[in-house]
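Let's take a friendly walk through a few local details of this structure. Keep the 3D view open as you read.

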Amino acid sequence: MMVDDRKTPCRYRPSMYIVLAFVLLACAVAIPSTAHALEVNEYRQFMDLDSRKVVWFLAQMHLFFGAFVLGVPIFAVIIEIVGWKSGDKKFDRLAYEFTSLLSVAYATTAAFGGLLAFALFTLYPTFMGYMAGLFKNVFFIYAIMFFGETFCLYLYYYGWEWLKGGGTFNRRIQWVLKGAGTVGLVFTVLFFLGGIGPEMRTDTRVFMTVLYFLPISAGLILIKDRKSVHIFIGILLNVFGTAIMQLANSWAGFMMSPAGVNERGDMVGTSWQVFENILATPIAIHRMLGNLAFGGFVAGAYAAIKFIGATTPEEKAHYDWMGYIANFVAIIGLIPLPFAGYYLGREVYSTSAVMGNNMMGGDFSWTFIIQAMLVGSLFLISNYYLWCGMTRIPGAERYYGYIKYILAAIVISFAIWLTPHNLPLTGREVSQMGGSQYHPTLKFLGLMPAKNAVVNLIILSTFFSFLLYRRGNKSERVPITQQGSLPRIVISIAGLVAVGIVGQYAIYLLGLDPKVLDLPVDRAHYFRTVGYLLLAECVMAVIAVGLTLRDRGILAQALYLGFTAFSVVVFLGVYGFVVMEKASPFLRNIAVSQFLQLISCIVLVTTIDIFLFRGAREIGSLRWGRMTVRSQYALLLLTIVITMNMGLMGFIRSGLRSDWHIFGIMRDTSMWSYTPSNYTMTQMVSLCVLLFLTGVAFMFWLSGIFSHKKEKEKEMEKAEYMEELYLKERERT
Amino acid sequence: MTEVVGKVFVFLLVVLVTFLWVGHAITRLTGGEKKATGSVEISPEGGEAIFWGKGRCFTCHSLGERGSAVRCPNLGVWGEKFPLPIGLRAVERAKERSEETGMEYTATDYLVESLANPSAYIVEGYKDEMAVVYAPPISLTLDEIKAVVSYLQSQGGDVDIEALNNPTEVSKKFYDRIKAASAAGGGDPGNGEMVFFESAGCNECHAIRGEGGRIGPDLSAIAKKGIKYISESILQPAASFTPGYETYTVIKKDGKEMYDEEGRKVSGVKVKETDEYVEIALDPESIVRIQKSEIKELVIDKNKSIMPEELIEALTVKEYQDLLAFLLLQKGEKD
């Protein structure tokens, strides 16, 4: 399909991305790849600017736009599937509207990517020469992926109308596609079990299974008409986008945890080992979830601005709904994000204890306090938005009373999360505290067990707010026993999933040998205690399923949610201190236990909730558009805060290498080889956030012009057509 | 719409200014902006620049009222716990160390030891958690460490650059340790010892000072062969063999290669030979005894070593550097 530039000024230029992919490749090939890692590095400057800050700025801008471009298609496709399955056209329109935001950002991402590549190759030639030599295979695959993503995006966006409507395909075509999908599923299972593919880390295997092979196989099986072909293209778009991100993350991961090379930087392993270094996948997982949350919040900001500026009730209703969906998607990404961060942090510690200590107790300890403030704000503001949303739900006033308790739980948790283990004190303050450098109470709140407990409580509180929101206007329910066999099947499966998630870890803990954690044999009972607690959680899941299937769903939810809250926050929160004292290495397993219980609880309680209120009588329909302007500023604030947080986290991740380009392999010998202060970080991040959000606003404006122009063209065409009809009619008569 | 965008822009600016204020306040609280340290001379001034900059000592140690870290001992005068600054404290500690080790420690020796091997003396109430300052990411050079020591000496004690440049036997050992680590790209010999004896299991075949297996060459004096040889032996075990540790393949009377009951080719190090039989070690746990009457000949396989080829794949770069640093300390001398 050709792009007519006369009709689409300043829009969509995926071809630009391809050109830039070639530029990147040309740079990679042109620079000799034999550079030795420990040679004296060459550094250059552009117009006397600080080269590090130039690269920092360009990389951050590229990542902001890239995160948006990768995050939005994920939920655009999901919303499109919802619309396709439910037959509700408004979901389809929303998915299209989200995709239209994406299109302009795509070209800008490419422009910043190209600039970043130029900056890196020209300002840091030794470093980039070395990287290009080592990653030459990955660079080529990376460039090829651009083709895939560009073509899919072309087809996905421009083919929206073209691939709409029409009947189902004939059975033969459907069977061929289903056959291909089934073969894909078999391949996926074999790959997941390790029967296919190179030797790799479990997290990489799971990542590739869940995000590449499973969606493609499932997508093929789903195809039955033109619309499902369009959805499949959307799935491919996401697969290519995720692959591009994973490939690029391998470079960032390599710089922190080099693999496949010796101490001189000579390659002694395989390209796969270099690519799949220790931190590559943990970074990719964290970034994937971050992109989803980020994409949701940015789309939410678009809806918020449109809502504030809307002049008609219809417009307000539409953008209110759009903002709600975007925020909902963002929260889905936000909830597991702290755990992905915890996992990444753990792997950083495993890579280098010095790097780990520097992260939490060194140069970046204060930066992490700022980060905790920002993440806590994200949860608090998301909840506030949900509570505001309850005002548009008739009947939700029944649940207003809970809000103050949820607020108290979140604020207290937030305060504990922010509490550092120790504070800078003067000599006098130390003597006032009895000579101790730690506050008698605060020192406990600053430790990991307390922080793990409150993070879980914040997430549970947010989930509880969501449950209240969902049931706001529901009254008389249809008993599950009267809903046919579907609830029995789905709730039982959800129960099995919950038991599976928690049970497998319980079995692992019950059989865990203390020697594995370098602990004496007599510490095994600490593992057993947590193992039995997880088994109890499994029993609670079974009871919850049983009660639900006997029409006691509310009781089931309360029991299961209550037990999980007690187990995760109270029991393991306190027990964590005991473990820390007696079996410290086991503390990380406690965090995993908390996470698994929480996830299984969310899965099962949400499933129960869906059927509990399925077909329930509504007190009144949702009054979309009846939202305060304050709530829209909350949406905007969410976007600003997550953008700042992304910049801050990038600073920490990159800064952990200290004065190494590639940790332990290639030293940074430039004049900028020092860790910038938090003030410098806030300056750089603020600049990037300001320019990014301004740029996004500009793009939204451009997108608005195009939509406006398109509507006018349609109106003109319609008018011309009517005039033609009129003239023909007149001629005839 | 323009008005809305204007309001949102102002809102954005307010949030960003708050963010900037937080960054500024924290930076002021933690001692201001740090800058890159160029090459430094061995002097208290040079050491101060490293202590508060590249060395990141300030992230764990404060110096009296300066700094905000409390993770590790304050090196200045600090309440009842630390009535003496580190320069004077070192004199007292040197006496303790002399009694503990039976070696004559000077204050300088104590300070050098506290940087080169911090686990040797842990101040009561603190953990053994100091980073290896001559390993990544800090990677101080020997001269930079000397500069830091001179800075610590200047905190109430006598600055003795002469003692730093002409080390005692005690300090010399630590200097060797730091030099070995630097040569190995900044490895940590302490961790390298763990890699050798635990994670990589090199000790299953090799011995150091009497500890370990006998299948591979004794490595107690391996440092004398130089970093290139050691590095090559780890990366390409079959590149060269220590005489007596070649890989033999057993050829049977029928001219074919011999295989054991598990179907493995009998090829390994000859660990014992009598008039009647030879013993070939395939790996540390499999030693095969073969009667000479069954053997046509023993052929040296120059392309194969029983040392695992994939060892380097199992090690991270850091573990490899640590191991190298540890091996570079094995000079055949007694502790």
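We can begin with Asp551(A), which sits in the loop between helix H20 (524-549) and helix H21 (553-582) of chain A. Please keep in mind that this is a predicted model. Asp551(A) is not a glycine, yet its phi is positive, near 60 degrees. With 16 other C-beta atoms within 10 Å, Asp551(A) is partly exposed.

Another loop residue to look up is Met47(A), found between helix H1 (14-30) and helix H2 (51-86) of chain A. Met47(A) also is a residue other than glycine with a positive phi, about 50 degrees. Met47(A) counts as exposed because it has 5 C-beta neighbours inside 10 Å.

| Residue | Phi |
|---|---|
| Asp551(A) | near 60 degrees |
| Met47(A) | about 50 degrees |

Now for a helix. Helix H15 of chain A covers residues 400-418, and its 19 residues should span 27 Å at 1.5 Å a residue. The end C-alpha atoms are 28 Å apart, which agrees.

Which residues of H15(A) are buried? They are Ile410(A), Ser413(A), Ile416(A) and Trp417(A). Viewed down the axis of H15(A), these buried residues fall within an arc of 125 degrees, so they line one face of the helix. Covering them are parts of chain A that include helix H14 (365-389), helix H17 (442-445) and helix H18 (448-470). On the face of H15(A) turned away from the buried side, you will find exposed residues, among them Tyr400(A), Lys404(A) and Ala415(A).

Finally, turn to chain B. Its domain assignment gives domain 1 (44-183), domain 2 (189-239 + 309-327) and domain 3 (247-300). The C-alpha centres of domain 1 and domain 3 of chain B are 55 Å apart.

Definitions and conventions
Residues are numbered from 1 along each chain as its sequence is written. Chains are lettered from A and ligands numbered from 1 in the order in which they are written. This is a predicted model: local features need pLDDT of at least 70, side-chain atom pairs count only at pLDDT 80 or more; totals for chains, interfaces and linings use all residues. Domain bounds come from an automatic or database domain assignment. Helices (H or I, at least four residues) and strands (E, at least two) are DSSP runs, numbered from the N terminus. A residue is buried if 20 or more other C-beta atoms lie within 10 Å of its own, exposed if 12 or fewer, and partly exposed in between; C-beta atoms are placed from the backbone. The expected span of a helix is 1.5 Å times one less than its number of residues. The arc is that of the directions from the helix axis to the C-beta atoms. Two residues are in contact if their C-beta atoms, placed from the backbone, lie within 7 Å.
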